[in-house]
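Welcome, and thanks for taking a look at this one. Please have the sequence and the 3D view open side by side while you read.

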Amino acid sequence: MMSLILHEYAVSGNCYKIRLLLAHLGSAYTRREYDILKGESRTPEFLANINSNGRIPVLQDGEAMLPESNAILWYLAEGTEFLPADKLGRAHVLQWLFFEQYNHEPNIATLRYWLTYGGGMDKLNDWQRATVPVKRAGGEAALAVMEEHLAHRAWFVGEQMSIADIALYAYTHVADGGGFNLSGYPAITGWLARIAALPSHVLITA
Ligand SMILES: N[C@@H](CCC(=O)N[C@@H](CS)C(=O)NCC(=O)O)C(=O)O
């Protein structure tokens, strides 16, 4: 890998995933911040040079640009202890990365964004207000799946933390910002504490 630049927005959980893995890997990198609330990931320059999809995170490795948080996790974890070497273990990691992007993040991260950064319920438009209960139910369903899985094991895949755990940790540990109460999910809260206690852990605010 050449010199790494993370194009990001600090409070974004999708960006935090990458910083958390890089901390565990002990890799040096440069952070470049874009205020997405001001549209800085939607400028013609950003769309032309960084990500035509107008979103962060994007990992720059030399000249190459890699968007999509879970693709970045996979790229950085390849050949490390954070991605299993066996075929089935790797497929199980993909299983949870897709789950995170389809069942978890669109519900839990979106409610956090709307309620914590978008100004709360009063600032929502009619469609958003009507969608809150749908996203609440979807988020609780995702948490229930995680709780059931973690009731029997310490980590999502295998016997140690992998990028499946990192991807799911990012928005689960700040789910209260979306109005989710994790006190009814003891296996999840135990898993969150296990991750936060690891020696190389960094906070989303770091
Ligand atoms: N599937 C993408 C989602 C990226 C995403 O939604 N990024 C948000 C911040 S978390 C963003 O850049 N929003 C700004 C915008 O859409 O203008 C990933 O996992 O990286």
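The notes below go through aromatic pairs, charges over rings, helix packing and a few backbone details.

Please keep in mind that this is a predicted model. Seven aromatic pairs are found in the structure, and two of them are described here in detail. Two helix contacts follow, one between α1 and α3 and one between α5 and α7.

**Aromatic pairs**

- Let us start with W96 and F156: their ring centres are 4.7 Å apart and their planes meet at 65°, so this pair is edge-to-face, the class for angles over 60 degrees.
- Where do W96 and F156 sit along the chain? W96 belongs to helix α4 (residues 87-117), while F156 is in the loop between α5 (126-150) and α6 (163-172), so the pair ties together parts that are 60 residues apart in sequence.
- Both W96 and F156 are buried.
- W114 and W127 make another edge-to-face pair, with 5.7 Å from centre to centre and 75° between the planes.
- Here W114 comes from helix α4 and W127 from helix α5, so the pair ties together parts that are 13 residues apart in sequence.
- Are W114 and W127 buried or exposed? W114 has a relative accessible area of 8%, so it falls under the 20% limit and is buried. W127 is at 56% relative accessibility, so it passes the 50% limit and counts as exposed.
- One aromatic cluster is formed by Y16, W96, F99, F156, Y169 and W191, so the W96 and F156 pair described above has its two residues in that cluster.

**Charges over rings**

- R136 places its charged end over the ring of F180, at 4.6 Å from the ring centre.
- Over the face of W155 lies R194, 5.7 Å from the centre of the ring.

**Helix packing**

- Two packed helices are described by the angle between their axes and the distance between the axes.
- For helix α1 (residues 13-25) and helix α3 (residues 69-77), the axes come within 9 Å and cross at roughly 10°. That angle is under 35 degrees, so α1 and α3 are roughly parallel to each other.
- Which residues bring α1 and α3 together? From α1 these are N14, K17, I18, L21, L22 and L25, and they meet S69, N70, I72, L73, L76 and A77 of α3.
- Sorted by class, the contact of α1 with α3 has eight nonpolar, three polar and one charged residues.
- Helix α7 (residues 186-196) packs against α5 at an angle of about 75°, and the two axes are 8 Å apart. An angle in the 65 to 115 range makes α5 roughly perpendicular to α7.
- L143, M146, E147 and L150 of α5 meet P186, A187, I188 and W191 of α7.
- This contact of α5 with α7 has seven nonpolar, no polar and one charged residues.

**Backbone details**

- Most residues other than glycine have a negative phi, and most peptide bonds are trans.
- I56 and P57 are joined by a cis peptide bond, with omega at about 5°. P57 is found in the loop between α2 (44-49) and β3 (58-61).
- E68 is not a glycine, yet it has a positive phi of about 75°. E68 lies in the loop between β4 and α3 and is partly exposed, with a relative accessible area of 45%.
- A64 is part of strand β4 (residues 64-67), and it is partly exposed, with a relative accessible area of 45%.
- A64 and L4 are 60 residues apart in sequence, and their C-alpha atoms are 9.8 Å apart in space.

Technical notes: Residues are numbered from 1 along each chain as its sequence is written. This is a predicted model: local features need pLDDT of at least 70, side-chain atom pairs count only at pLDDT 80 or more; totals for chains, interfaces and linings use all residues. Side-chain values use heavy atoms; hydrogens and water are left out. Rings of Phe, Tyr and Trp (its six-membered ring) pair if their centres lie within 6.5 Å; planes under 30 degrees apart count as stacked, over 60 as edge-to-face and the rest as tilted. Helices (H or I, at least four residues) and strands (E, at least two) are DSSP runs, numbered from the N terminus. Buried means under 20% relative accessible area, exposed over 50%, partly exposed in between (1.4 Å probe, protein chains only). A charge sits over a ring if NZ of Lys or CZ of Arg is within 6 Å of the ring centre and within 35 degrees of the ring normal. Axes are lines fitted to C-alpha atoms, for helices over the stretch in contact, and angles run from 0 to 180 degrees between N-to-C directions. Angles under 35 degrees count as roughly parallel, over 145 as roughly antiparallel, 65 to 115 as roughly perpendicular and the rest as oblique. Contact means heavy atoms within 4.5 Å. Ala, Val, Leu, Ile, Met, Phe, Trp, Tyr, Cys and Pro count as nonpolar, Asp, Glu, Lys and Arg as charged, and the others, Gly among them, as polar.
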